[in-house]
Amino acid sequence: MQGLFVSFEGPEGAGKTTQARRLAEDLRSEGHDVVLTREPGGTPLAEAVRGLVLRHAESGGVPMSAATEALLFTAARADHVDRLIRPALDAGRVVICDRFTGSTLAYQGGGRGLDADALTAAQELATGGLRPDLTLLLDLPVRDGLDRRFGDGEGDTPNRMDAESEAFHERVRATYHRLAAAEGSTWVIVDAGRPPVAVAAAIGDTVRSVLRNRRTSDRRVPHQAVETGRP
Ligand code: Z5A
């Protein structure tokens, strides 16, 4: 049986990494064969691109254009899909990916203002048309997410996206909402403003519902969106 591809998307500090890890642990404890991965990254080449694109300014490089940035993220994705994601799905595994094509459309499209059709075409080239079976959009107000990451002054080292204005991150969030509306039932918006345990429970319900549908039909079927909250 073809595996299941689940991606996490959302603005800064929404809890994607926390919840992706937790979902992987929970599914493994239930006997599923899970690959947990992230973007940019997941393969040696894509991890090298990650360092290049996210830390470029710190290395004293000349400013990187929005198109260069978009193509670097997309090139990393092409290798990730080819070397890790598609083989894992072909082997029937559950792939959980922390960010995927939605991030390029939201950050480089919504945030940087690049043409959405051109970005979408580049994603098709990079992924060969592969789309997640389920995208979990962890949503919360931009300010709350930035406060989670940096509010106490002790968050992660800021990268080139963190340095962007709040208006940039608002455009990213608005683009995510447009994508969720356009994609229909394969995108589920999860209210990420709740305590981690409540967010995890909502995600677990949604993913198990998809897995149950898979087992009964053994083919791709639309699933019910458990979470539908929008701001
Ligand atoms: N990017 C792009 O522009 N285009 C692309 O195509 C791709 C990526 C693929 C990758 O950064 C950057 O690349 C990203 C988009 C851009 N921009 N930035 N910055 P990254 O991989 O280093 O980090 P991230 O993906 O942006 O993750 P994040 O937004 O920083 O965090 P998160 O994964 O959503 O959250 P977290 O790490 O799980 O949690 C953050 C903090 O909140 C942490 O202290 C947690 O303990 C806390 N937390 C988590 N959940 C909760 C709840 N429910 N309540 C309270 N506190 C919580």
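Which residues in α1 meet which residues in α8? On the α1 side they are Gln19, Arg22, Leu23, Asp26 and Leu27, and on the α8 side Pro196, Val197, Val199, Ala200, Ile203, Val207, Arg208 and Leu211, where contact means heavy atoms within 4.5 Å. Sorted by class, this contact has 9 nonpolar, 1 polar and 3 charged residues (Ala, Val, Leu, Ile, Met, Phe, Trp, Tyr, Cys and Pro count as nonpolar, Asp, Glu, Lys and Arg as charged, and the others, Gly among them, as polar).

A quick word on the model: it is predicted, with local features needing pLDDT of at least 70 and side-chain atom pairs counting only at pLDDT 80 or more, while totals for chains, interfaces and linings use all residues. Residues are numbered from 1 along each chain as its sequence is written, and side-chain values use heavy atoms, with hydrogens and water left out.

Helices here are DSSP runs (H or I, at least four residues), as are strands (E, at least two), numbered from the N terminus.

Leu45, Ala46, Val49, Leu52, Val53 and Leu54 of α2 touch Glu69, Leu72, Phe73, Ala76 and Asp79 of α3. That contact has 9 nonpolar, no polar and 2 charged residues.

Next comes the ligand. There are 28 residues around it, and Glu12, Lys16, Thr18, Thr104 and Arg149 come nearest (a residue counts as near if one of its heavy atoms lies within 4 Å). Polar contacts, pairs of N or O atoms within 3.5 Å, turn up too: an oxygen atom of the ligand is 2.7 Å from a side-chain N or O atom of threonine 17, and a nitrogen atom of the ligand is 3.2 Å from one in arginine 148. Arginine 99 has a polar side-chain atom 2.6 Å from a ligand oxygen.

Arginine 99 also has a positive phi of about 80°, although it is not a glycine. This residue sits in the loop between β3 (94-98) and α4 (101-111). Another backbone detail is the cis peptide bond from glutamate 39 to proline 40, with omega near -10°. Proline 40 lies in the loop between β2 (34-38) and α2.

Terms used. A polar contact is a pair of N or O atoms within 3.5 Å; within protein, one must be able to donate a hydrogen and the other to accept it, and residues adjacent in sequence count only if both atoms are side-chain atoms.
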